Amino acid sequence: MSTAKKSNSYRLRMLTTTAMLGTMAGLLMLIEFPLGFIAPSFYKIDLSEVPVMIGAFAFGPIQGIVIELIKILIKLIIKGTSTGFVGELANFIVGVAMVVPASVIYKRKKTKKHAIIGMMISTVVMAVVGVFLNAYVMIPMYAAFMPIEQIVEAGKAIIPWVKDTFTFCLFCVLPFNLLKGIIVSVIVAIIYKPLSRLIRKGL
């Protein structure tokens with residue numbers, strides 16, 4: 001096969017796999033459940049970052065961002081929004097904060113060790129970004145749907161150390177995102193290698 005044909009074949013495989021993974025992620029985003037022992041029930045965990053991370057590892061950070069965007073669009077098409085797009089925007093930014101560092105590290109050296117290191121670092125990055133994003137952007141925006149005082153009280157009912165918006169994010173949002181990152185990382189570490197072979201063959 002000529003170089004041009006190989007390039008076109010790779011590009012087509014990348015586009016079709018990106019669309020497929022984005023659709024899978026969007027469907028997984030619809031399956032969510034609260035972690036009531038960490039954060040109030042309006043914070044729900046889902047496994048939609050698993051296909052996004054797989055795509056980012058396979059094709060690089062830019063495709064990871066594209067898959068993340070497709071995921072959000074699929075979710076909005078199917079279910080719409082109940083938060084005035086605040087929840088979807090937060091999910092997109094936090095998702096990007098997770099998949100980009102991991103895929104950049106993995107792209108430099110494609111070994112399981114680097115994948116795990118990348119996901120560990122990206123989990124911390126995502127959790128820290130989530131704290132500041134929620135404290136200074138998302139919760140003030142979400143206050144149009146639920147008063148900030150009510151959000152803080154919901155957190156305080158679970159974690160007594162919660163006193164204000166920032167401590168809510170520190171003691172509720174931070175561990176929530178850390179746990180989500182760990183769960184996603186473990187699943188990806190288990191399934192990526194066999195899936196990567198299928199992706200190289202064009203699924």
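Mentor: Start with Val137, which is found in helix α5. Helices (H or I, at least four residues) and strands (E, at least two) are DSSP runs, numbered from the N terminus. Val137 is partly exposed, with a relative accessible area of 35%. Partly exposed is the range between buried, under 20% relative accessible area, and exposed, over 50% (1.4 Å probe, protein chains only).

Two ground rules come next. This is a predicted model, where local features need pLDDT of at least 70 and side-chain atom pairs count only at pLDDT 80 or more, while totals for chains, interfaces and linings use all residues. Residues are numbered from 1 along each chain as its sequence is written, and side-chain values use heavy atoms, with hydrogens and water left out.

Now look around Val137. It belongs to a nonpolar patch on the surface, whose other members include Val124, Phe132 and Leu178. Patch residues have over 30% relative accessible area and no salt bridge; nonpolar side chains (Val, Leu, Ile, Met, Phe, Trp, Tyr) are joined within 5 Å, and like charges within 9 Å. Together the members have about 820 Å² of accessible area, worked out by the Shrake-Rupley method with a 1.4 Å probe and, for residues, only the protein chains shown as cover. Helix α5 gives the largest share, six residues. Both α5 and α7 supply at least two residues.

Next, go inside. The largest nonpolar core has 47 residues. Such a core is a set of buried Ala, Val, Leu, Ile, Met, Phe, Trp, Tyr and Cys residues joined through side-chain atoms within 4.5 Å. Helices α1, α2, α4, α5, α6 and α7 each supply at least two of its residues. Val188 is among those with the most contacts inside the core. Leaving out residues up to four places away in sequence, Val188 touches Val50, Met53, Phe57 and Met119. Here, contact means heavy atoms within 4.5 Å.

Helix α6 has buried residues too: Ile151, Val152 and Gly155. They lie on the same side of α6, because they cover an arc of only 95 degrees around the axis. The arc is that of the directions from the helix axis to the C-beta atoms.

Now for charges. The structure holds four salt bridges. A salt bridge is a side-chain nitrogen of Lys or Arg within 4 Å of a carboxyl oxygen of Asp or Glu. Take Lys71 and Glu49, whose side chains meet at 2.7 Å, N to O. Lys71 is in helix α3 and Glu49 in helix α2, 22 residues apart. Both ends are buried: Lys71 at 0%, and Glu49 at 1%. Glu49, Glu68 and Lys71 are linked in a network of salt bridges. Beyond its neighbours within four places in sequence, Glu49 has contacts including Asn91, Val99 and Lys180.

Lys75 and Glu88 form a salt bridge, with the closest N and O atoms 2.5 Å apart. Lys75 lies in α3 and Glu88 in α4, so the pair ties together parts that are 13 residues apart in sequence. Lys75 is buried at 9%, and Glu88 is buried at 5%. The side chains of Lys79 and Glu32 meet at 3.8 Å, N to O. Lys79 sits in α3 and Glu32 in the loop between α1 and β1, so this pair ties together parts 47 residues apart in sequence. Glu32 is partly exposed, at 35%.
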